[in-house]
Amino acid sequence: MNTDPELKAWSKAVDERIRAIRDELELASGGRARLLPVTKAFGPEAVQAVREAGLTEVGESYAQELVVKHREVDDSEMSWHMIGRLQRNKVRPLAGLVSLWQSVDRPELADEIARWAPGARVLIQVNVLGRPEQGGCRPGEVERLVVRGHEAGLEVAGLMGIGAEGDRDGTERSFATIARLADQLGLAERSMGMTDDRKSALAHGSTLVRVGRALFGDRSSSRRG
Ligand SMILES: *Cc1c(COP(=O)(O)O)cnc(C)c1O
């Protein structure tokens, strides 16, 4: 039990923001979308705050950070999503820790996950606008990757995408395209939307909204930096 008053106040604020955003998602999606708190750059206290708010899933963007925090938190009730760009050599250390691999964007990565985490649940990440700074396959490659995932024995649950910062139209187009592809391929999960573009993502049928800053504050202010 942590008695640091500053930490207590922060945890309480996080709890209130989690409630507010869950209400917002509930209202906007009719209960279809759930909140995935993104705890990257924050320490185990962020995961603890999520847990105290009654949620059991968190998202992390960096493999090493996930491994370390998973160990620090040491809570078998928590589920961890890998949402960041992933190198093949990081799959093995993450196997057994990750409940949903959201950033599968190439055949070799699907194969590597199947090798170390047979039958794992994955999403295919789609880079609709072809932005080089983001991971993700092009829309035309999605179907092939879904098939490849199935052939490798993975459970392909849906698609994931990242909006385009500062480009509203591009973001809308991304989410619309991802939703259409998911419809065509009969995939239920659509991981779309972050702090700044969650409204647009919800309007396009997001089922999983990945929120960091709106819950925990600016990452530059985190205890981890
Ligand atoms: C960091 C990150 C988020 C959360 O972004 P915020 O703007 O802090 O809400 C969501 N998805 C991915 C893939 C991320 O890397």
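The numbered points take the basis of the model, then the helix pair, then the pocket.

1. The model is predicted, with local features requiring pLDDT of at least 70, side-chain atom pairs pLDDT 80 or more, and totals for chains, interfaces and linings using all residues. Numbering starts from 1 along each chain as its sequence is written, and side-chain values use heavy atoms, without hydrogens and water.

2. Helix H1 (residues 5-29) and helix H2 (residues 44-52) have axes that come within 9 Å and cross at roughly 50°.

3. On H1, the contact (heavy atoms within 4.5 Å) is made by Leu 7, Trp 10, Ser 11, Val 14, Asp 15 and Ile 18, and on H2 by Glu 45, Ala 46, Ala 49, Val 50 and Glu 52. These residues comprise seven nonpolar, one polar and three charged.

4. The largest pocket has a volume of about 850 Å³. A pocket is an open set of points on a 1 Å grid, where a 1.4 Å probe fits, with protein on both sides within 12 Å along at least five of seven lines; lining residues have an atom within 4 Å of a point. Of its 35 lining residues, Lys 40, Gln 134, Ile 162, Met 194 and Arg 219 are the closest to the centre. The lining divides into eleven nonpolar, eleven polar and 13 charged residues.

Terms used. Axes are lines fitted to C-alpha atoms, for helices over the stretch in contact, and angles run from 0 to 180 degrees between N-to-C directions. Helices (H or I, at least four residues) and strands (E, at least two) are DSSP runs, numbered from the N terminus. Ala, Val, Leu, Ile, Met, Phe, Trp, Tyr, Cys and Pro count as nonpolar, Asp, Glu, Lys and Arg as charged, and the others, Gly among them, as polar. Grid points are joined across faces, edges and corners, and a volume is the space filled by probe spheres set on the points.
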